[in-house]
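Here are my notes on this model, written as numbered points. Have the viewer open while you go through them.

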Amino acid sequence: MDLKGIKLTWLGHATFRFQTPAGRSVLIDPWVMNNPKCPDSEKDLKKLDVMLITHGHGDHIGDAVEIAKKYNPTVVGIPELIGWLTKKGVQNTAEMNKGGTQTVGDIRVTMVHADHSCGIQDGDQLVYGGEACGYVIEFSNQLRFYHAGDTNVFGDMKIIHDLYAPEVAMIPIGDHYTMSPREAAYACGLLKPKTVIPMHFGTFPVLTGRPSDLEKLVKGVEVVQMRPGQTIG
Ligand code: NI
Ligand code: MN
């Protein structure tokens, strides 16, 4: 897969890091230091320019506050989640909501729907975190990626294809808390990406879906199975 100057690294689960063609660093779903699938060699991010957050569950924001304070990236998320991060001392934020697009660093980010819950566990309190979302990211080389966050399949994935036509889709396949391979295959039919990168599987025993299950169910889409710590592009 030619990513035209983009480098993409999977840190395990739903956490990905991009290096943009201009050399900026973008992290999606900051679960890094405490992510059991993240190799130790990837836990020091060195620098970070932009952080995108899909929702407030611990396996997506587990290290958000610490990483934001350490590297001071621009943090993108839905307003309620950004409000909570701000209360925790995160300063450099760029909130947005579904349907909106903004330029952050050298990427264009569109927040799109995800069908999932979004409570934030804060000590013994459960805080309202807004809604879960996904992102379409357009890079300066015109390549578009869709990170679905946690979601089941939903019919409006067709709208994401019609409006944004992402070439690469990172979608959950683990089952139990998100789409199963069967739902993910249906999602591929709606999204029509050239390439799909499965995520959110294998981290815990209940996340039983596997890329090989998805591969058997899709036609005309390349399934790229990454290893945690692997970089492509
Ligand atoms: Ni979740
Ligand atoms: Mn999750």
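1. Start with the manganese ion (ligand 2): along the chain its donors are spaced D-H-x89-D-x49-H. The residues behind that pattern are Asp59 (OD), His60 (NE2), Asp150 (OD) and His200 (NE2), at 2.1 to 2.3 Å. Donors here are N, O and S atoms within 2.8 Å of the metal (3.2 Å for Na, K and Ca), and since water is not among the atoms, sites may look incomplete. Asp59 sits in helix α1 (residues 58-61) and His200 in the loop between β13 and α6, so this pair ties together parts 141 residues apart in sequence.

2. Before going on, some housekeeping: this is a predicted model, where local features need pLDDT of at least 70 and side-chain atom pairs count only at pLDDT 80 or more, while totals for chains, interfaces and linings use all residues. Residues are numbered from 1 along each chain as its sequence is written, chains are lettered from A and ligands numbered from 1 in the order in which they are written, and side-chain values use heavy atoms, with hydrogens and water left out.

3. The nickel ion (ligand 1) takes His55 (NE2), His57 (ND1), His116 (NE2) and Asp150 (OD) as protein donors, lying 2.2 to 2.3 Å from it. Angles among the 4 donor atoms run from 89 to 174 degrees, and the site is classed as irregular.

4. Which residue coordinates both ions? Asp150 does, and the two metals are 3.3 Å apart. Asp150 is buried, at 2% relative accessible area; buried means under 20%, exposed over 50%, partly exposed in between (1.4 Å probe, protein chains only). Asp59 also counts as buried, at 16%.

5. His200 deserves a click of its own. This residue is in the loop between β13 (195-199) and α6 (211-217) and is buried, with a relative accessible area of 1%. Helices (H or I, at least four residues) and strands (E, at least two) are DSSP runs, numbered from the N terminus. The His200 side chain makes polar contacts with the side chains of His13 (3.2 Å) and Asp59 (3.2 Å). A polar contact is a pair of N or O atoms within 3.5 Å; within protein, one must be able to donate a hydrogen and the other to accept it, and residues adjacent in sequence count only if both atoms are side-chain atoms.

Conventions:
Four donors count as tetrahedral if all angles lie between 85 and 135 degrees; four count as square planar and six as octahedral if opposite donors are over 155 degrees apart and all others between 65 and 115; anything else is irregular.
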